[in-house]
Amino acid sequence: MKAQHKDFPWWLVATLAIGAYLAWRVATDDIYTEVIAILAKGITVTIFVTCVAFAAASALGLLLALAVLSRFMILRQTARFYIEIMRGIPILVLLFYIAFVGAPALVIALNAILEPLGIEPLRTRDISLMWRAILALTLAYAAFIAEVFRAGLQSVDPGQIEAAEALGLSRWQRFRQIVFPQAIRTILPPLGNDFIALIKDSALVSVLGVADITQLGKIYAAGSFRFFETYNIVAYIYLILTLSLSLALRGLERKLRSKTESKAH
C-alpha cells in the first residue's frame, strides 16, 4: 500500500503530453482549428444540460434518500421502488422513453387541466428535445444520487442524533445542524464522481438531436468525412472537462481527509 502512495503520476504526465500535442495541432492545423471552432458551440449546451440535470437530480435524490429512511412504510417502499426501477433501465432507453412517450403523456395530462380553464392547450413540440433530455437524465441520476445521500446520512453516528434528540431539537433541526453537516463529508466525493459521469452520459442526448459537443461532431464528421480529426477533438474536450473535475475532486478528498484526521487527533 505504501508503494502505491509513492507512485509518481506517470498517467498524468502521459495525459498532459497527449493534451499538449492536441493543443499544438489545434493551434497549427487548419482542420483542427475549424473542428474545434464548430464544436465549441456545443460546449455551452453540454455544460448547461449537465449542470441543470445534476442540480435537479441532486434535489430529487435527497428527497428520495429521506423517503427511504422515513419512518413511514409507504414512503420507504415507494422510494425504493423508484430507485430500483430507474437503476435497472439503461439511460439511453430512458431518454427515448421520456422524449417520445413521457413528454406526449405529460402534454395530454396538462391539457386535461388547462382546457377547462380556457387556456390554450400545449403541443408536444412545445417541449424541446433538450428539456426532454434533461428530464430523462434527472430521473435516471436521481436514483443513483439517492443511494449516495442514503449512505452518507446513515454514516453519521447514531449517538449524536440521540444526543440532539435529548436536547429537544426537532427532526428538521437535527437534520440541518447535526446530520447533514457531518454526512456531506462522506457524500461529496461520490457525488463528484456522479457529476463527472453525468458529463460523459450527457453525450447521449445527441441521439435526440440536441446540439451538444457530440452531436455537432457527428454532423461535421458526416459532412466533411474528417472522422479522425473530429473525434479526436470531441474526446479532447470531454477529457479536459472530466480530468480537470477529477483532479479537483481528488484535491477535495485530500482536504476533507486531512480535516478529519486533524480533528481525530
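How exposed is Phe227, expressed as a relative accessible area? Phe227 is partly exposed, with a value of 41%; here buried means under 20% relative accessible area, exposed over 50%, and partly exposed in between (1.4 Å probe, protein chains only).

The model is predicted: local features need pLDDT of at least 70, side-chain atom pairs count only at pLDDT 80 or more, and totals for chains, interfaces and linings use all residues. Residues are numbered from 1 along each chain as its sequence is written, and side-chain values use heavy atoms, with hydrogens and water left out.

**Aromatic pairs**

The structure contains 7 aromatic pairs. Rings of Phe, Tyr and Trp (its six-membered ring) pair if their centres lie within 6.5 Å; planes under 30 degrees apart count as stacked, over 60 as edge-to-face and the rest as tilted. Two of these pairs are listed below.

| Pair | Centre distance | Plane angle | Type |
|---|---|---|---|
| Phe48 and Trp131 | 5.8 Å | 90° | edge-to-face |
| Phe225 and Phe227 | 6.3 Å | 70° | edge-to-face |

Phe48 in helix α3 (residues 30-68) and Trp131 in helix α6 are 83 residues apart, so that this pair links distant parts of the chain. Helices (H or I, at least four residues) are DSSP runs, numbered from the N terminus. Phe48 is partly exposed at 35%, as is Trp131 at 42%. Phe225 counts as exposed, at 63% relative accessibility.

**Helix α5**

Helix α5 (residues 91-114) bends by about 40° at Ile98, the bend being the angle between axes fitted to the seven residues ending there and the seven starting there. Ile98 is also one of the buried residues of α5, which include Leu94, Ala103 and Leu114. The buried residues of α5 pack against α4 (73-88), α6 (129-154) and α8 (171-201).

How values were computed
Helices (H or I, at least four residues) and strands (E, at least two) are DSSP runs, numbered from the N terminus. Contact means heavy atoms within 4.5 Å.
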